[in-house]
Amino acid sequence: MNIAIARARRDRRHTTEKRGWFDAEAFYEALDAVRQARRLTWKQVASQSGVSASTLTRMAQGKRPDVDGLAALAAWSEPISNASGKSA
């Protein structure tokens with residue numbers, strides 16, 4: 001096989017593998033930054049977001065949340081809005 005063709009196939013395969021890729025570690029680090037900014041414990045995050053504390057523990061261990069947990073945490077981590085709808 002031609003080296004150029006082999007490289008093209010490898011590059012295409014690499015690009016395909018990244019499609020739909022979710023960086024669980026980066027998401028957890030972003031959640032932790034929001035948590036710290038709001039001066040909350042992980043137990044409070046669980047309570048406010050509606051996910052279980054065990055989900056957060058698993059995420060701390062590098063595991064991915066399920067889709068419902070991901071959606072709940074993403075919604076929880078959005079900026080808090082005041083009555084006018086502007087970010088606080």
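Biologist: At 22% relative accessibility, what does Ser-77 count as?
Modeller: The model is predicted, so to speak of local features I need pLDDT of at least 70, and side-chain atom pairs count only at pLDDT 80 or more, while totals for chains, interfaces and linings use all residues. Residues are numbered from 1 along each chain as its sequence is written, and side-chain values use heavy atoms, without hydrogens or water. Buried means under 20% relative accessible area and exposed over 50%, with partly exposed in between (1.4 Å probe, protein chains only). The value for Ser-77 is 22%, so this residue counts as partly exposed.

Biologist: Which residues is Ser-77 in contact with, leaving aside its neighbours within four places in sequence?
Modeller: Ser-77 is found in helix H5 (helices are DSSP runs of H or I, at least four residues, numbered from the N terminus). Contact means heavy atoms within 4.5 Å. With those neighbours left aside, Ser-77 touches Leu-31, Val-34 and Arg-38.

Biologist: What distance separates the C-alpha atoms of Ser-77 and Ala-30?
Modeller: Along the chain, Ser-77 and Ala-30 are 47 residues apart.

Biologist: At what angle do the axes of H3 and H5 cross?
Modeller: Axes are lines fitted to C-alpha atoms, for helices over the stretch in contact, with angles from 0 to 180 degrees between N-to-C directions. H3 covers residues 42–49 and H5 covers residues 67–77. Their axes come within 9 Å and cross at roughly 105°.

Biologist: Which side chains meet in a salt bridge?
Modeller: A salt bridge is a side-chain nitrogen of Lys or Arg within 4 Å of a carboxyl oxygen of Asp or Glu. The structure holds one. Its N to O distance is 2.8 Å, and its partners are Asp-32 and Arg-35.

Biologist: In which helix do Asp-32 and Arg-35 both lie?
Modeller: Asp-32 is buried, and Arg-35 is buried too. The two are three residues apart, about one turn of the helix. That helix spans residues 24–37 and is H2.
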